[in-house]
Amino acid sequence: MPDVTSLDLARWQFGLTTLMHFAVVGVSIGLVCAVLGMQLQWLRTGDERWLRLTKFYGRAMLIAFAVGVVTGIVQTFQFGMNWAGFSRYVGDVFGAPLALEGLAAFFVESLFLGFWIFGWGRLNPKVHAACLGVVAAAAMLSAYAILVANSWMQAPTGYRIVDGRAELTDLWSVLVNVDTILTTSHVLLSALVTGAVVVLGIAVWHIARGRDADVFALVTRPAAILGLLLALGSAGAGHFQAVVAMERQPLKMAAAEALYSTEKGAGLSIFAIGGLSTDPGPPVIDIRIPYLLSFLEKFDPLAEVKGIDQAQAEAEARYGPGDYTPVVGLMYWSFRAMVGSGMLLIGLFAWATLLSRRRKLTTTPLFLRLAPLAIAIPVVAQAGGWILREGGRQPWAVQGLLRTEDALSTVSATTVGISLVAFLTIYGVVFACAATVLRRELGHGLPPAADDDHDGPDTPRTAPTQALALSY
């Protein structure tokens, strides 16, 4: 068995912690937008049921934000601990987007989220809802800032190399380019889809148990219809993202299809066995839909699609001898996890929309059993997409500029191993506590209708602590 190096452990650490953090980010962005929509519905209609839903789903939103903060801080530590070479190389370029992310995430979000939490009955209802709107906008801005930095790692632009470091020369080209726009659209739409799934799944779970069915039924139809539209939009943005990647990162996309030889009229692989990882080479069994890959990537069923062999040869000619092909099996199956999960979500929302139109959504036993389980699907989709995006760039930390091995700090495998165990332990405790609190807060249904802590800023307050506890 080969020795495990500090590079191996550092990659595992960053990969695992990022996947867990990214899953929470999708939930928090999706839920804050969903809760904002419920609160606006309450303000528009005056229907007390929407207020109860706002406070109920607001609990889950706050827990997601709390977990997101803890898991996100760990990411920052790793840049200094394990990836000092990366920090030195990209620090000048990443300064602007990461400063934007810090201001959005740790100042604006936390400030206005605090106003929203403690503002029930103290702020004007419209001002109170506006605070949550600011939180939603700041969360999206935070995600955009991170994706600006990540997109630069995928396709560097607006820079020059001075003394072995990248220096920013054109901020606008870094902030606004095709990859950034498509990636941000895909990620944010996916986050909104996650919010729709969570809202629908939790509502259906309570409906199936006869808890406040008339109230939870209010969100099922909007969640189904909006979820379907958002899922289709996310799939569209993801497709065009793949089209761009085919030109800029051909090895990633060829590996995602296990396409070794350049082909005209290439078929789309549905299922493959053999030859994907331990035995490099074309799969032993490969079920493909003829011409579909060429059509999807080039909008021409007879177009030529570059294979791994040709893309590897071109990379060697450009960068020198070396293996520039990512792990084919990892890329192949992560791509199918992402796309397959996305198709399942589209099918779920289409089914829910059809049942809703027929007024059978809350009375169909099979749907009531399956919808809550679907909450896990966006997590699988996001994990597959992130593995494809980051793993497909290897062996580069910054595409074509900085190799991953050169981005590593001078640190021993023992040190990285200890920090890996420590971080995973912290994450385990945080997620276990979050699951316990979620079960307690959401498992018993909606808050009572008699809660009157929303009347306005002039409402008498004899026991503010008790009122806060009643709300959250």
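Predicted model: local features only at pLDDT ≥ 70, side-chain atom pairs only at ≥ 80, totals over all residues.
Local features need pLDDT of at least 70, side-chain atom pairs count only at pLDDT 80 or more, and totals for chains, interfaces and linings use all residues. Residues are numbered from 1 along each chain as its sequence is written, and side-chain values use heavy atoms, with hydrogens and water left out.

A nonpolar surface patch of about 710 Å² is formed by Val69, Ile73, Phe77, Met81, Leu103, Phe106, Phe107 and Val108; such a patch joins nonpolar side chains (Val, Leu, Ile, Met, Phe, Trp, Tyr) within 5 Å, from residues with over 30% relative accessible area and no salt bridge, the latter being a side-chain nitrogen of Lys or Arg within 4 Å of a carboxyl oxygen of Asp or Glu. At least two residues of the patch come from each of α2 (48-81) and α3 (84-118), helices being DSSP runs (H or I, at least four residues) numbered from the N terminus.

The table sets out two residues, where buried means under 20% relative accessible area and exposed over 50% (1.4 Å probe, protein chains only).

| Residue | Relative accessible area | State |
|---|---|---|
| Phenylalanine 107 | 53% | exposed |
| Threonine 184 | 11% | buried |

Phenylalanine 107 belongs to helix α3, whereas threonine 184 lies in helix α6 (residues 178-208) and, leaving aside neighbours within four places in sequence, is in contact with Tyr144 and Leu147, contact meaning heavy atoms within 4.5 Å.

Helix α11 (residues 328-357) packs with helix α12 (residues 365-373) at an angle of about 145°, their axes 12 Å apart, where axes are lines fitted to C-alpha atoms over the stretch in contact and angles run from 0 to 180 degrees between N-to-C directions. Leu348, Trp351, Ala352 and Leu355 of α11 make this contact with Leu366, Phe367, Leu370 and Ala371 of α12.

How values were computed. Patch = residues over 30% accessible without salt bridge, like charges linked within 9 Å, V, L, I, M, F, W, Y side chains within 5 Å. Areas by Shrake-Rupley, 256 points an atom, 1.4 Å probe, with all protein chains shown as cover.
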